[in-house]
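Welcome! Here are some exercises to work through with the model beside you. Try each task before reading its solution.

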Amino acid sequence: MQTRDISSLLIDSKLSNDLKKITEKVIASERITFDEGVLLFEKGELGFLGTLANYIREKKNGNNVYFNRNFHIEPTNICVFDCKFCSYSRLLKQKDGAWELSEEQILDLVRKYDGKPITEVHIVGGVHPKMGLMYFANLIKKIKEIRPDLHVKAFTAVELEYMCRKAKVSYEEGLRILKEHGQNSLPGGGAEIFDETVRKEICEDKCTSAEWLEIHETAHKLGMPSNATMLYGHVEKFEHRIDHMNRLRDLQDKTKGFNTFIPLKFRNGGNQMSHIAESTVIEDLRNYAVSRIYMDNFGHVKAYWPMIGRTTAQLSLAFGVDDIDGTIDDSTKIYTMAGSEEQSPALTTQQLVEMIKQVGRAPIERDTLYNVITDYSNYDFSKEEIVLD
Ligand code: V47
Ligand code: SF4
């Protein structure tokens, strides 16, 4: 990747001293403070932030861009909660647009991938009052009987908090049961924005920030890694984004259990916050870059292409991002229903590889834990040496 040499920033007469100080810290691999994080959002221009973020990204992950072969299962969109930004959920009594898959339908979705080199299933959905801890534990066990090699990344902290509360078990007990039945890790959803005032405004009734963090900390303690997300570009201010990242950075110092940080752009289609304009592409790229600079103890920053769109995902690779999620196979509706440009999100391995190569990066298929499966940099698809989708 050709970007501006970071040390040239130090002799740039147009750059303010406070931004030069942050540049020096980045070069020295020193952590930046809360105030410096806010300052980056307030004063950092796109090119400047990109140079810093790309420097860190290449130091951590070289030219690699990771992806995996995955699919989602969304068992239901019926949800007891009422997040204002959610375009996808329906109340139990609402019939229009609601779905609830039976166990057999879910298992059939898994069987569909027999013989295909999928490595991960991502299971999340609405918080259904009748689908409890043991229902899901047994479901995971059955999924693993069909496909023992599949990594099961399942249930946001929001779903887990509700499951444990209803089953009257501690988070530790609930997570232990799920782990014993085959769950391997947790996705990053439900984090939204940790600041309590903003959280009250956008998702008042679901698990608190402290509960979200406690559930992830407990999972890490039990040897279940997880991801972390941040829903941005709605009513939050820059200091709320940095506060959010700061709470995650602190927990990562303690547990080292997070795999990746995933900023999620608020999409305004068909929800109670539709009057709020979506963030610009420039703001999306600035946000990826500041995330990469601030979250110095996170190995990876992911651009989730079904949400941000493939063009912005490609651009993000010059702004700190080193992962673009996976093949997806048109198995998720969360963003489709919120108005994403990706209305049937599915990419073959070859398409993902080409997308990454187009912007001069090295496409690396990974498993959920970032172990390298295949380096596609010099792979010749016409020879079909690898089982493709
Ligand atoms: O928590 C819901 C978000 C999340 C909207 O861990 C919205 O690998 C934008 O967490 N606009 C669930 N965002 C999805 C999620 C996720 C996605 C991909 C990968 C991983 C991972 C995790 O989706 C929710 C919420 O923050 N969301 N509605 C919306 N209108
Ligand atoms: Fe329910 Fe999740 Fe939608 Fe909130 S974001 S209403 S918890 S499905």
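**Exercise 1.** Decide whether K21 and E36 are buried, partly exposed or exposed, and find out how they interact.

Solution. Start with K21: its relative accessible area is 47%, which makes it partly exposed (buried means under 20% relative accessible area, exposed over 50%, partly exposed in between, using a 1.4 Å probe and protein chains only). Next, E36 has 10% relative accessibility and therefore counts as buried. Now look at the two together: they form a salt bridge, with their closest N and O atoms 3.7 Å apart. The term means a side-chain nitrogen of Lys or Arg within 4 Å of a carboxyl oxygen of Asp or Glu. Helices here are DSSP runs of H or I with at least four residues, numbered from the N terminus.

A word on the source: this is a predicted model, in which local features need pLDDT of at least 70 and side-chain atom pairs pLDDT 80 or more, while totals for chains, interfaces and linings use all residues. Residues are numbered from 1 along each chain as its sequence is written, chains are lettered from A and ligands numbered from 1 in the order written, and side-chain values use heavy atoms, without hydrogens and water.

**Exercise 2.** Describe the pairing of E196 with R247.

Solution. First, the contact: their side chains meet in a salt bridge, 3.0 Å from N to O. Then the location: E196 is in helix α8 (residues 196-203) and R247 in helix α10 (residues 238-255), 51 residues apart in the chain. Last, the accessibility: E196 is partly exposed at 46%, and R247 is partly exposed at 23%.

**Exercise 3.** Which residues are linked with E283 in a network of salt bridges?

Solution. Begin with R286, which forms a salt bridge with E283, the closest N and O atoms being 2.9 Å apart. Both residues lie in helix α11 (residues 281-294), and because they are three residues apart, about one helical turn separates them. E283 and R286 are both buried. Now widen the view: the network links E236, R241, E283 and R286.

**Exercise 4.** How many salt bridges does a search of the whole structure find?

Solution. Searching the whole structure gives 30 salt bridges.

Conventions:
Helix = DSSP H or I, 4+ residues; strand = E, 2+ residues; numbered from the N terminus.
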